[in-house]
Amino acid sequence: RLGRSRKGISGGIDVPSMIASARLIATAVRTWLDGLDEAQLAQATFQFELPERYVWAYTPGPRQGLAIRDMHPDQRAVSSAIVASAMSTRTAGEIGAIISLERVLGELERGDGRSSWIRRDPELYWFAVFGDPGSPGPWSWRIGGHHVAVHVTVDGDRAVVRTQDGIEDWFVQLRYDLPPLG
């Protein structure tokens, strides 16, 4: 629930019986990859065996992969479909809310004179794909940025989803007298 900050909380969900979900995830990722140009593909794709696949962070800072800011509008829409393919409607919505609130938090921090406001950018989230989606062997994808880390590994008809998110919604609520997000 986003009604409270979930910093530091992580979870893994094993979904062995969802063959259709594993296929849906592979189709969404493949559709996104098919829409990228060569330079974008070089940024977005990695071999499955590389240690980069184990990088897991939701703190501010650059990541390996293709940033949302480097995608065309149609590619951004398809990247959202990747998240939706692996998450519940609620979780995909929460991730979208966290990303979109970066602008609000950035304005608040800038208004308070903080120099760190520049990191608050909804386009500073990176997508990366490891291996070949839809192949018989394992492959994975991730999105990472400030307060969002999602890593999905697919092996055949099995998908394991690991997520970590958190937001300073208490700060937004106090400043704007808003109800919790969740």
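Predicted model: local features only at pLDDT ≥ 70, side-chain atom pairs only at ≥ 80, totals over all residues.

Me: How should I read a helix, and what span does α4 reach?

Reply: One may compare the end-to-end span of a helix with the expected one. Helix α4 covers residues 89–111, which is 23 residues. From its first C-alpha to its last, α4 reaches 33 Å, close to the 33 Å expected at 1.5 Å a residue.

Me: Where is the kink in α4 centred?

Reply: The kink in α4 is centred on E102 and amounts to about 30 degrees. E102 is also one of the buried residues of this helix. Others among them are A92, I95, I98, I99, L101 and L105. Just after α4, G113 takes a positive phi of about 80 degrees.

Me: Which residue other than glycine has a positive phi, and where does it lie?

Reply: H147 has a positive phi, near 75 degrees, and is a residue other than glycine. H147 is placed in the loop between β5 and β6. With a relative accessibility of 3%, H147 counts as buried.

Me: How do I read the largest nonpolar core, and which of its residues touch the most other members?

Reply: The largest nonpolar core has 32 residues, of which I25, W32, M87, W141 and V152 touch the most other members. Two or more residues come from each of α1, α3 (73–86), α4, β4, β5, β6 (148–155) and β7 (158–165). Helix α1 gives the most to this core, with 7 residues.

Me: In which helix does W32 lie, and is W32 buried or exposed?

Reply: W32 is part of helix α1. Its relative accessibility is 1%, so W32 counts as buried. Leaving aside residues up to four places away in sequence, W32 touches A44, L66, M71, Q75, V78, S79, I82, F127 and V129. The C-alpha atoms of W32 and S80 are 9.6 Å apart in space, while the two residues are 48 residues apart in sequence.

Me: What does S79 touch?

Reply: Beyond residues up to four places away in sequence, S79 touches W32, M71 and F127. S79 is found in helix α3 and is buried, with a relative accessible area of 3%.

Me: How many salt bridges are there, and which parts does the pair D132 and R30 tie together?

Reply: Side chains of opposite charge can pair when their charged atoms come close. In this model the count comes to 6 salt bridges. In one of them, the side chains of D132 and R30 meet at 2.8 Å, N to O. D132 lies in the loop between β4 (125–130) and β5 (139–145), and R30 in helix α1 (residues 19–34), so the pair ties together parts that are 102 residues apart in sequence. D132 is partly exposed, with a relative accessible area of 42%. R30 is partly exposed too, with a relative accessible area of 30%.

Me: With which residue does R142 form a salt bridge, and are the two residues buried or exposed?

Reply: R142 pairs with E52, and their closest N and O atoms are 2.4 Å apart. This pair links distant parts of the chain, as R142 is in strand β5 and E52 in the loop between β2 (45–46) and β3 (66–67), 90 residues apart. R142 and E52 are both buried.

Me: How far apart in helix α4 are R90 and E94?

Reply: R90 and E94 are 4 residues apart in helix α4, so about one helical turn separates them. Their side chains meet in a salt bridge (3.0 Å, N to O). E94 counts as buried, at 8% relative accessibility. Finally, salt bridges that share partners join R30, D34 and D132 into one network.

Definitions and conventions. Residues numbered from 1 in each chain as written. Heavy atoms only, no water. Expected span 1.5 Å × (residues − 1). Bend = angle between axes of the 7 residues up to and from the residue. Buried < 20%, exposed > 50% of the residue type's maximum accessible area, 1.4 Å probe, protein only. Salt bridge = Lys/Arg side-chain N within 4 Å of Asp/Glu carboxyl O. Core = buried A, V, L, I, M, F, W, Y, C linked by side-chain atoms within 4.5 Å. Contact = heavy atoms within 4.5 Å.
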